[in-house]
Protein chains: 2
Amino acid sequence: MTPTTMFQHPPFLFTYSRHFLRRRHAGHHLSTPPIRHRFLSTITHTLSHPIYTIWAANTGLGKTLVSTGLAASSLHSSSPSPSKLVYIKPLQTGFPLDSDSAFIYRKVPQILLLRNPQSTLLASNQTLNVSVPAAKLKIGNNFSEEGQSSKNGFETSGYYEERKLGIGEEVQSELICKTMYAWKEAISPHLAAEREGSNVEDSDVLVMLKKCLETGIGSKGDERTTVLCLVETAGGVASPGSTGSLQCDLYRPFRLPSILVGDGRLGGISGTISAYESLTIRGYDVVAIVLEDHGLQNELPLLSYLRNRVPVLVVPSIPKDPLDNLMEWFDESKSVFDSLMGIMMSSHEKRIARLHEMPKKAQEIFWWPFTQHKLVPEQKVTVIDSRCGENFAIHKVKDHECITEMFDACASWWTQGPNAALQIKLARDMGYTAARFGHVMFPENVYEPALECAELLLQGVGKGWASRVYFSDNGSTAVEIALKMAFRKFLVDNFDLSQGNIELKVIALKGSYHGDTLGAMDAQAPSPYTGFLQQPWYTGRGFFLDPPLVSMCDGIWKVTIPGEMAAENVILKDTSFKSRDEVFNKSRDDSSLASLYSSYISQELQINSGSENSYYAGALIIEPVIQGAGGMLMVDPLFQRLLVKKCQNHKIPVIFDEVFTGFWRLGVQSAAELLLCQPDIACYAKLMTGGVIPLAVTLATNDVFESFVGDSKLKALLHGHSYSAHALGCAAACSSIKWFKDSQTNPNLIPQQNLLKELWDRELVEKISFHPAVQRVVSLGTLFVLELRVEDNEAGYASQCASSLLVKLREDGIYMRPLGNVIYMMCGPCTSSHLCLQMLERLYTRLNEFRHEKSLKGREM
Amino acid sequence: MTPTTMFQHPPFLFTYSRHFLRRRHAGHHLSTPPIRHRFLSTITHTLSHPIYTIWAANTGLGKTLVSTGLAASSLHSSSPSPSKLVYIKPLQTGFPLDSDSAFIYRKVPQILLLRNPQSTLLASNQTLNVSVPAAKLKIGNNFSEEGQSSKNGFETSGYYEERKLGIGEEVQSELICKTMYAWKEAISPHLAAEREGSNVEDSDVLVMLKKCLETGIGSKGDERTTVLCLVETAGGVASPGSTGSLQCDLYRPFRLPSILVGDGRLGGISGTISAYESLTIRGYDVVAIVLEDHGLQNELPLLSYLRNRVPVLVVPSIPKDPLDNLMEWFDESKSVFDSLMGIMMSSHEKRIARLHEMPKKAQEIFWWPFTQHKLVPEQKVTVIDSRCGENFAIHKVKDHECITEMFDACASWWTQGPNAALQIKLARDMGYTAARFGHVMFPENVYEPALECAELLLQGVGKGWASRVYFSDNGSTAVEIALKMAFRKFLVDNFDLSQGNIELKVIALKGSYHGDTLGAMDAQAPSPYTGFLQQPWYTGRGFFLDPPLVSMCDGIWKVTIPGEMAAENVILKDTSFKSRDEVFNKSRDDSSLASLYSSYISQELQINSGSENSYYAGALIIEPVIQGAGGMLMVDPLFQRLLVKKCQNHKIPVIFDEVFTGFWRLGVQSAAELLLCQPDIACYAKLMTGGVIPLAVTLATNDVFESFVGDSKLKALLHGHSYSAHALGCAAACSSIKWFKDSQTNPNLIPQQNLLKELWDRELVEKISFHPAVQRVVSLGTLFVLELRVEDNEAGYASQCASSLLVKLREDGIYMRPLGNVIYMMCGPCTSSHLCLQMLERLYTRLNEFRHEKSLKGREM
């Protein structure tokens, strides 16, 4: 369905070779993408001054001339205050012969002098890491040779030069040029790094760039200074960096505003537009396009394409003579670079102004769900500038205005799964699918994304039991559809349909939650969500069992039996476990606890069966293993399994609401795998699309489907939503389902066992469970849950007791949301356990402070 | 929010000019995009043989050499059956010196002879349209000069040459080369066309290409022959065609599978990836990438990027010497081209096989909504290969296997609005937004797409009354939220909330429909959707008024008064209208009909007010003007306006369900504009995102919002869905809202009046209303409705009476779906009235046949 899946042969490459076809298996570039060991909140950059990335549509289009022209314009400012230009070249090849930062370091003072002989300027140029082969060539250049040392194939110091222009004591302006990594050969960085034995990881490039931006722009003291910072990439937008990652992907976590140097030559319109599109479908904002005049007026079709929303600037033809010192050209181009500077400055100001007004506007016109607006003052509103994989990029104004990363540990209401690589793939897939299909009518039709999605679901979460896929929009609608299916099946199996209406109820568990539309609400027990003022039409059409719960307390996994069952004075055995795995063990079916459960369930079913009442139990609906919105409650899987079997024996159709639990949330594709039994109907949503777009499905067995087949349309299931099986949702689901279950793309997958490796450090989880502030913990799959120990009056959904803890964790770069006194952290199926460990560690530290704070408060009271 | 909106200055272009900044206002390229007068079902192409487009990442990368190599491989087949190669060059510049089709015509026989001296081949080369300046240069070339004629700046005949290879009687193989349009200057076609005064419209290029494919591939008789057809583009993928449209946009309606010629040079990885992405985000499938070896192994990062899903082929370095006859190079490259041919053939076969199996698979695993599966045999399943603007591209197997266009006249369940240009923009926006945001948490947060969307809604459909935006997923959820809002507001206004539960009902109209979840269903009158077997929990919590309806019958707009009201023996005046505009006239408030309505409404409100009953009417919910799913019923706007006012006087909150009627569906942005009154709450969905993705909003006044503000979270509106205000949906809404209301992009908009011009030809609509088979018609905005005159037992939702008519209209290229005996055609807000007229004409023709058929049937009975 995606553009690339049509061709399903194994990886190959065809190339000529002496009249024979040779299949050349590619080298290390074709292996699993490298896992970046990113750290929490690595990426942050200031907004006090503008920082731009200079990209180009191709190599050799004059990126460095544009940087030079901009540098000269920004330093030759007419304002009396000092100005500073920071130029960073992260990756340089052909060094030292080619050095863009050296070019700017030499050229800008020349231009400034020519424009104003009284110019004063402090200029410096530094190359931070030079490959060993390039370092050997340094003789003959004017770098100092002191203090060099070699590391990872780079020499790391001594490449610093500076000069001063003008004679005044006070230096008016400053030019700082930096090359981060340099290689000798004038080829792509990924080739040079390989050939010269000096590799640098993507994450190191990012950290180094962050440092260079920080030191270059300087501390807050610089507010009087006009600073412009330019980061110049190497080659074209999608040219590989040092590890082979495309530069447009590599620098994405910063998402700096961009200038694109286009191509003014014959054929250059196409290359410029394509490069613009490659930036755009990675979420970059291109603020302006600059191109060289080749007499072809390429700017006109470009402006037409851009619908005049992005300015296009044309610089004069660049002299071809290598001996030309370009002074005349820079003179001729001055007005264009001045305009470009103006555009960049004003775009930056507009961005800042917008970021500042957003919280207030949001407060004034949004109506947030599940939010008491009175409790959210303007300063509590978070401005999300973008997301990259698991991280938000947040606008922060406290202390120092910046964009900074925050781990989305609530997984944006449990929807999220993608890492940065999957997000970019999904972006491409969304573009492709919108262009190929937009949305098309579903009933009686078939189109690739819907069909492939249905196939993948039946081969995946529905394998072994489901045979039909019913699409809808969200968990709530999927549940309403499931109920309609279950009731019909129940009626067909158990009644003569001509005998008229019967009152039907569901069997459900207390603490369960199945969605916010009325039908889904009626299937859940009374709760804060169902009160008369919330939903005057709620009637609670179910009988609701109190389930036994499991959690780790003080290092031990334990079952808590609800009062109803425990009251029977049976001595409770088999309620503690050495490990979590034991909880899920099938052998528990023979335990004494199983007998207790069984008799309780039988008794309840009997009390609530039709013969003694005016109503019938027409369906069982459960959230397998974890009840999410109810407070991340882990239900004893043994209890759920026995309940499912009893219902199926009574011909009561069973619905699994896997909206939260499905698609690796609990470490397995479907939570049914943990329960070791199968439903008749199941609902999926949230993580199914990888967390990019709403889509839900209700899967059903063939028996369920058959109860809707007949001669009349009126017997069919008459429920649908306009965007049923919309192509974008289906395409996102196809990509995500395949991505998560492929060990080539998901490093957490244990392929043979088809489950995720343990993501939350067992030892630390245990340690946390001993913490005095902690009531219980559960760690399972991508989920870590912690219930704070509170007084009874502090518990429950409306509790604010966790807020001080969560505020501190947000300062640590972890974005969490509470469920009353229950807090949780959620990662994606591909998130590294390394990151999860860091989050647990920060949580543990903050828990100690939290406890201390609480005890202080207690004393005050 | 979109990448381009950040910069909101008026259109401009900066360029250098003798030391002065000059703002150069661009020429015709910057004007409104040309309106293509497309005809219904223009585009169709065979699937009997593979047709590929050859694209390139840039100019000068050897597209024509690839075409030549492929041609030689395909004609030098070892199979004993004849083979045919059709090569089409739609746009050629630099003619006649440069002629890619002439090159192939000359070169391929040379190669074949060298490979096998016994080769037989009939080769021809034809140039169909030559610009006058290029035609003047024809002296010296070997085209015949007979029968030339000049049209639109082109000479159109006489450019034909052919030759025969080998001496056998039976010609084994055939090479057909065609250039469609040729210009003299070796520049981009849009410049050449302008300079040489020989323009060709995009739509003409498409029609010509369709013809060339048809004549080239030949009739069905060719099944024994292996045919490969190549369409070679000019320059890079996004190089402009003759009108300035980018070629990747121009050829999109065909969506032919593609071969991309990449760039093996330094910097070429980037250009190749970007070109690939430009094709991909226009919905093309790239089957293989070919590139020239420049010793840089560009194929390795490409394969890594492509995750080995698309084969990459490397051809040897191309000799630079212009005197080289390339025979050696073709020899060396043979294996690569043979492989490429194999890949293309097998990909084509796989595509066909998949298209063939799709209907059966769909039948086996889909569970379509609102569909009785027993009534949909495999042959009734439509395979939608793609959509482009308002058209589906359908796989057709009858007679001749092909992909053919069909106008989506059901607007895919009333969701659709985009034309081809908006669809491509939305595709780019979806890519950008997925890459920038994916989906991020909404409550207590703010991010650009959600904020801009809310701003646009309050400035647009909510202008003058709404002050808050509540996001959800679809019309049904938006209605459930609206009901919760209305009830709370009603309770706060009218009751002491501590007094306990009260039974609340809605006031609604019979025939209305508000969605399929239980809460929305309970707000509608009993219908086929609400029966016990469909929804055992349906109770119908409303009192349902029978509304007066309006339609055109026999050329006159008339009100039909329901029995309840009419029974009062009042003489009915003011029930016929000269025009539709009169129906909406505010002056009707003073008519005698208004008095009748008023007293009826007052009476009903009194009967159903709380004092006399155990329940209260807590909300009014209506679909303004048109009740969609109920059968496209037009309700008398006067009646709705009086009802709204009465309710508001009684402090009963009023909900407009604009899910169907909103966003230009009825020719105005909001149907409230037609009713001339405003609600307290309104719901929007469907067309809001331009029809690409599900998103819904419930707008509310500040008074309604205030009834949820308090100190406790429990007083807040506790209803939400995981993907609340998801970024992709909001971004699509922003783009679409702006596109439709901008006369630069929407040619149907009358800017001063802020409404759409009449799309359905008034005369023909009137004529249809006189047709004996027609009960009534309504035409309003993008909607044309027709109710077939049937016997009572044939009416209603389950009626199949329209099916024979609709089958014929599908043959005419119009995809419609019935609502029982009501059929309708729906276009987008930007669709040309020219197309609407064509559809009405075809409908009229088929109506005559339908009637004839019916009368025959009647006689048989």
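The model is predicted, so local features need pLDDT of at least 70 and side-chain atom pairs count only at pLDDT 80 or more, while totals for chains, interfaces and linings use all residues. Residues are numbered from 1 along each chain as its sequence is written, and chains are lettered from A and ligands numbered from 1 in the order in which they are written.

**Where the chains meet**
- In this model, 186 residues of chain A are in contact with 188 residues of chain B (C-beta atoms, placed from the backbone, within 7 Å).
- Helix α9 (residues 327-365) of chain A gives the largest share of the side that touches chain B, with 12 residues (helices are DSSP runs of H or I, at least four residues, and strands are runs of E, at least two, numbered from the N terminus).

**Strands across the chains**
- Strand β15 (residues 382-388) of chain A pairs with strand β18 (residues 445-446) of chain B in the parallel sense, over 2 bridges (pairing needs at least two DSSP bridges).
- Here V383(A) stands opposite V446(B) in β18(B).

**Symmetry**
- Chain A superposes on chain B by a rotation of 180° with 0.0 Å of shift along its axis, at RMSD 0.1 Å (least squares on C-alpha atoms of residues with pLDDT of at least 70 in both).
- That is the relation of a two-fold axis.
- The copies meet through the same surface, because 100% of the interface residues of chain A are also interface residues in chain B.

**Domains of chain A**
- Chain A is divided into domain 1 (44-356), domain 2 (431-746) and domain 3 (757-861), with bounds from an automatic or database domain assignment.
- Taken over C-alpha atoms, the centres of domain 1 and domain 2 of chain A are separated by 55 Å.

How values were computed
Contact = placed C-beta atoms within 7 Å.
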